[in-house]
Amino acid sequence: MLPVINSLSLGPISALEFDRLMHVFGPFLPDVPQAPMAVAVSGGADSLALAWLLRRWRQNVVAFVVDHGLRAEAATEAANVHRQLMAMGLEVHVLRLAPFQPGRMQERARSERFSALEAACVQRGCIDLLVAHHLHDQDETVWMRRTRAGALPSNDKDYAYVDGLRGIRAQHMRRFVRVLRPLLGVEPERLRATLRSAELPWVEDPSNQNRRFERVRWRQDLTDVMRHEARAEQKEAQRQSEACADEVAACLAQHVRWHAAGWCHFHVQDVTSASLRTRVMADLLRMVSGRVYRPARDAVERLLEQGVGSLNGVITKPAGRFGAGLILFREERDVQGAVPAYEGVCWDHRWLLPRIYSSDEGAPLEVGALGDQAAAYDARQLGLPLGALRTAPGLFSEGRLLRVPRFCGGDWDVIWASGTPIT
């Protein structure tokens, strides 16, 4: 939990207050040029105040300015922000995004922005990326999610509903970068006061006043009473979600066997609580598939009733020769096709390639599912379901299989990139 700073004050945030906000995320790497801390800056008041506070707190800071290219003046604004941050003593890089496809513009922009920021952090050696979401952003997010899900009876809270009401996370891990939001408990007025105190101007994005966007409507329409209600509900949802996460983690450790080849054996018959079974199963389906989100609760419940089926890109079936319970492995028809193999590529959202071997002839290399090539290996002897073997990664050159992972008896190192079920 982030510490509560004096929310009654509308004055600037002091260095001591910011140190308290950052302390909860520590310990950090040494403050050295080889491992700077990154901050995403749009040029608006919130992110500019965060950059200013961070630069006073730490010497080695790199700012990434994202130019979405959505407005004609965006490039000029990015250049102005670049100059302003340089004057503050930060290392600055402007990231220009490719044009977006029409539709769901804010959602697409957010996704592309974070992908670009993560790649830039990796290239520069940053493991922590700070973004400037604040208390009002949190209020708006809770109301948006609450409205979309609809009110559920308090004694039957869907896990996705409760997690949604937790709002924006203060920290979360992407594949290679930890995203930190130290300002989630701070009123935006204090960020503007911080900039005024430092005599730093900022720009206002006109899209922040465009009521075409759902978040803008909530931002403009929420009353103080509604904001306080959102904060109370978010705090309770966070308590429930953390208690549930502890229960799920204990169940995973006791009743699930996770295998290096990206499949698992769930002793579901030993879990007496129906709601816990559903939550654990949903988490396993998400991890085995490599997807970001869990499937809907009702779909998971139907799958558990049937004991066999396909959901979320995962095959579930009785464990058979592996014992009692269920096994889960990737669904072959849902697996990503072959892609160029290079260091750092993540195939099928599941397997990361830490290094690449070159082919004898120098031909292009690809990573893809073993598929029919799995027939050359004995799944039973390897201790794998055949489906898990067929959806395992292989290194190919012009259709010829060159290498298989160590869990298939080969010498190829691949890294599981979809999370693990033991926390």
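What percentage of the 423 residues in the protein chain do buried residues make up? The answer is 47%, where buried means under 20% relative accessible area with a 1.4 Å probe, protein chains only. Keep in mind that this is a predicted model: local features need pLDDT of at least 70, side-chain atom pairs count only at pLDDT 80 or more, and totals for chains, interfaces and linings use all residues. Residues are numbered from 1 along each chain as its sequence is written, and side-chain values use heavy atoms, with hydrogens and water left out.

Stepping back, the protein chain has 13 helices and 18 strands; these are DSSP runs, numbered from the N terminus, with helices being H or I of at least four residues and strands E of at least two.

Now zoom in on helix 5 (residues 135-149), which is where His136 sits. His136 counts as buried because its relative accessibility is 14%. Its side chain makes a polar contact of 2.9 Å with that of Glu187 (a pair of N or O atoms within 3.5 Å, one able to donate a hydrogen and the other to accept it; residues adjacent in sequence count only if both atoms are side-chain atoms). Setting aside neighbours within four places in sequence, His136 is also in contact (heavy atoms within 4.5 Å) with residues including Arg227 and Arg231.

Arg227 takes us to helix 9, where it is one of the buried residues, as is Cys251. Cys251 has 4% relative accessibility, so it counts as buried. Cys408 is buried too, with a relative accessible area of 3%. As for disulfides (cysteine sulfur atoms paired within 2.5 Å), the structure holds zero.

Methods
Buried means under 20% relative accessible area, exposed over 50%, partly exposed in between (1.4 Å probe, protein chains only).
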